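Hi everyone, thanks for coming. Let me put a structure up on the screen, and then we'll walk through it together.

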Amino acid sequence: MGYYADHNQSYYLGIESEVKTTFPDVKVVPFPSYQLPNTSWSISSSVGSYANSLVSYNAVYVPFFANETYNQRALEVFKTN
């Protein structure tokens, strides 16, 4: 399963270290992700970024994209955490 860390390991580890230093009791949960090769106006697409979710009192709204395999992987991460 691919994670954001697979795309840029050192960047991910740096952010994770800062978060854990600032919030030592936080649980870091990696989400599956994928990136599209195309960009628009030099801006990468957010397609494949499952961390963009919305939590309300009654529900968690999880983004789904065209890649059903990653959709199911991300949903399982949400359910177990």
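Let's start with a question: is Tyr61 buried, partly exposed or exposed? Tyr61 is partly exposed, because its relative accessible area is 48%. For that word, buried means under 20% relative accessible area, exposed means over 50%, and partly exposed is in between, using a 1.4 Å probe and protein chains only. Tyr61 lies in strand 4. Not counting residues up to four places away in sequence, Tyr61 touches Ser53, Leu54 and Ser56, where contact means heavy atoms within 4.5 Å.

Before we go further, a word on what you are looking at. This is a predicted model, in which local features need pLDDT of at least 70 and side-chain atom pairs count only at pLDDT 80 or more, while totals for chains, interfaces and linings use all residues. Residues are numbered from 1 along each chain as its sequence is written, and side-chain values use heavy atoms, with hydrogens and water left out.

Now the overall layout. The protein chain has 3 helices and 4 strands, and from the N terminus on they run α-α-β-β-β-β-α. Helices (H or I, at least four residues) and strands (E, at least two) are DSSP runs, numbered from the N terminus. Of the 81 residues in the protein chain, 20% count as buried. Among the contacts with a separation of 6 or more, 47% are between residues 24 or more positions apart.

Next, the aromatic rings. A pair of aromatic rings is described by the distance of the centres and the angle of the planes. Rings of Phe, Tyr and Trp (its six-membered ring) pair if their centres lie within 6.5 Å; planes under 30 degrees apart count as stacked, over 60 as edge-to-face and the rest as tilted. How many aromatic pairs does that rule give? The count is 2. One of them is Phe31 with Phe78, a tilted pair at 4.7 Å centre to centre, with 40° between the planes. This pair links distant parts of the chain: Phe31 is in the loop between helix 2 and strand 1, and Phe78 is in helix 3 (residues 68-80), 47 residues apart. Phe31 counts as partly exposed, because its relative accessibility is 22%.

Then we have Tyr50 and Phe65, whose ring centres are 5.2 Å apart with the planes at 70°, so this pair is edge-to-face. Tyr50 sits in the loop between strand 2 (43-44) and strand 3 (54-55), and Phe65 in the loop between strand 4 (60-61) and helix 3, so the pair ties together parts that are 15 residues apart in sequence. Is Tyr50 buried or exposed? Tyr50 counts as buried, because its relative accessibility is 1%.

Leaving aside neighbours within four places in sequence, Asn71 is in contact with Tyr50, Phe64 and Phe65. Ala74 is found in helix 3 too, and its relative accessible area is 0%, so Ala74 is buried. Not counting residues up to four places away in sequence, Ala74 touches Phe31, Pro32 and Tyr50. Ala74 and Ser49 are 25 residues apart in sequence, and their C-alpha atoms are 9.5 Å apart in space.
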